[in-house]
2 protein chains.
Amino acid sequence: MAKLAGVSSRTVSNVVNGYANVTERTRARVQQAVDQLGYRPNVLARNLASGRSGQIAVVVPYLDTPYFSELLQGIIRAARVQGYNVLIDQTDGDPEHERMLINHGSSRLLFDGVIFSPLGLSQEALADRDPDLPLVILGERVSDGRFDHVGIDDVTASRQATEHLLDLGRTRLAAIGDQPYATGECAQLRTRGFREAHERRGLPVHEDLIVHTPRFTRPDGAQAMAHLLDRDDPPDAVFCYSDLVALGAIHTLIARGLRVPEDVAVIGYDDIEDGRYSNPSVTTISPDKEMIATTAVERLLLRIGSTTPPPGLEVRAPHRLIVRESTAGSRASVSAQHG
Amino acid sequence: MAKLAGVSSRTVSNVVNGYANVTERTRARVQQAVDQLGYRPNVLARNLASGRSGQIAVVVPYLDTPYFSELLQGIIRAARVQGYNVLIDQTDGDPEHERMLINHGSSRLLFDGVIFSPLGLSQEALADRDPDLPLVILGERVSDGRFDHVGIDDVTASRQATEHLLDLGRTRLAAIGDQPYATGECAQLRTRGFREAHERRGLPVHEDLIVHTPRFTRPDGAQAMAHLLDRDDPPDAVFCYSDLVALGAIHTLIARGLRVPEDVAVIGYDDIEDGRYSNPSVTTISPDKEMIATTAVERLLLRIGSTTPPPGLEVRAPHRLIVRESTAGSRASVSAQHG
DNA sequence: TTGAAAGCGCTAACAC
DNA sequence: GTGTTAGCGCTTTCAA
């Protein structure tokens, strides 16, 4: 024991953990011993004794989705600053896997809390989860008071995206990405924003131009767009529920010899890097990822630290509309509005 | 203790861990007790006692690089099958951070081994690392016998990419991504392949068309391409050291009103999804990511499991050339050659 | 303010 | 094959 090299046990713990009640002299003495012996506390032992693992889990549906990997970066950074490690888990949107993770998951104890971006998980599954597991939800789901929720205002953002398309003078707006079933809450909020924009202008929604997709990937976008173009009366603007979908849609448009945005304007969602360098670059809704990440970590650690769980907080992160070539053409400039 | 509900301690451990020497009857009895009490072994305690954490770390320079996030998926999957959790760490290519992780890193004990994709780390730093840490290196660096190395044959792949460009009848080939300094080994191997292709055909290398970039990102590609186009005698084909670079380069080309591939053919490297849906889609070198991931995990676990470290293995993963629109135009089809 | 000692819940060497 | 027992290296009451 390192403590032999000066004083004794309990004090070392105090010093290493930076507790208050230690004489300056003692602290110095211990510190010196620590340095000299190159002592490093054993994380495992500490974890066992304290009952905490010093790790948080981040659960996302798909790791190779740029939106998530960009978000993850911020989370990892924020967690590390607080001395926490991040465990990453991918669910592939599998409801069973998601449920397992927030229930009496086998790996409970491996992490002290979870930042969770659910996809397939229903409200009910969320409800009967392990009540002792500190939890922060990302995305669209609204807090039931027992966890925190961080996300942008999807409805407003979607409305603004749609209004941008209408402002361009387009009249036949399509929407790609609706998911009119239990696990598609996120998509449904965006559809609601799409509708609201029309309502505010007193314009009719072209119901048949709302296309469903199983996911928000490039292939989904490409296929949906092809579907739309096969119609008698194709759209002149498309609101895509992710930048990936937009990228896929644009791919199809160009492959069919159409011009973006002259023939069809396209707007995406997420502001991933791909959309900044694509041809054309993609107009998009840009959520403040940095703030989402920071807030999520902050809230989770607060939750982990408290014995009496704080009330569930509803955090609205800001977003902006970023106009690029896919709606503005080559003269694209940036306009911003905070949500 | 769950053991009260039947027999006793040590046996439980045996059963739970699936060891051999247990009577069928005993096993059943224990199993029943386990089920009944809803017993779950405490991972932390197990880790402390066994000295192993059941976690492996994967260290990559940048998490939001599609190549890495695609690779990570495979690694996570493979590790999970073996009952291992994956801890992800991002170094931002910071040599100091990288060195720390493979030395007496503070978080040693948190993971049993590391799969490492180094960037800034010099050969020397690698040499004086913690010799007890099981290590598998991804990418270009060749094994010194004390760790395993998994990667494709960069020189051959790069030569094939270049030959593909020459086969198109192009004569002024540029290369974007060289890094002629200590930490740019990966880039240098690709440059070597680029040269070899010219040599084999008895063609001169246009030295002034080899452009250096600090990283392999879209902005790097975009900028380098702009630089090339500002020359008196621009290239008619470009070998980009990553798909992201290619995407950036194409962005610039199109912005300048040039046609890809008619005016300039572009080939990338990595086969990320972005390149399959971009306009034009990107011809590329496709490494077998699945195999790289599986092999890396397999070798690492083997290393973790052995008391006497196995000799460092050099694993060559296969790759293929995938021809798409950025070199073949809209009639792009797929040709494959294994490396 | 600091020492002593009792675990945290498991694994593994050692006997039976 | 299975029970006994001694730690793994820390945190944390409890005294002093």
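Mentor: Of the 339 residues of chain A, 58% count as buried. Buried means under 20% relative accessible area, exposed over 50%, and partly exposed in between, with a 1.4 Å probe and protein chains only. This is a predicted model, in which local features need pLDDT of at least 70 and side-chain atom pairs count only at pLDDT 80 or more, while totals for chains, interfaces and linings use all residues. Residues are numbered from 1 along each chain as its sequence is written, chains are lettered from A and ligands numbered from 1 in the order in which they are written, and side-chain values use heavy atoms, with hydrogens and water left out.

Trainee: How many helices and strands are there in chain A?

Mentor: Helices (H or I, at least four residues) and strands (E, at least two) are DSSP runs, numbered from the N terminus. Chain A has 13 helices and 12 strands. Its C-alpha trace spans about 85 × 45 × 30 Å along the principal axes.

Trainee: How many residues of strand β1 of chain A are buried?

Mentor: In β1 (residues 55–60), 6 of 6 residues are buried. Gln55(A), Ala57(A) and Val59(A) point one way from β1(A), while Ile56(A), Val58(A) and Val60(A) point the other way.

Trainee: In which sense do β1(A) and β2(A) pair?

Mentor: Two strands pair if DSSP finds at least two bridges between them. β1(A) and β2(A) pair in the parallel sense, over 6 bridges. Within this pairing, Val59(A) has Asp89(A) of β2(A) as its bridge partner.

Trainee: Which strands pair with β6(A)?

Mentor: β6(A) pairs in the parallel sense with β8 (residues 237–240) over 4 bridges, and with β7 (residues 210–212), also parallel, over 3 bridges. Ile176(A) has Cys240(A) as its bridge partner in β8(A), and Ala175(A) has Ile210(A) in β7(A). Strand β6 (residues 173–178) is mostly covered, with 6 of its 6 residues buried.

Trainee: Which residues form the negative surface patch?

Mentor: Patches are made of residues with over 30% relative accessible area and no salt bridge; like charges are joined within 9 Å, and nonpolar side chains (Val, Leu, Ile, Met, Phe, Trp, Tyr) within 5 Å. A salt bridge is a side-chain nitrogen of Lys or Arg within 4 Å of a carboxyl oxygen of Asp or Glu. Lys and Arg count as positive and Asp and Glu as negative, whereas His and the chain ends are not counted; the charge is placed at NZ of Lys, CZ of Arg, CG of Asp or CD of Glu. Here the patch consists of Asp64(A), Asp92(A), Asp94(A) and Glu96(A). Asp92(A) is partly exposed, at 48% relative accessible area.

Conventions: Areas by Shrake-Rupley, 256 points an atom, 1.4 Å probe, with all protein chains shown as cover.
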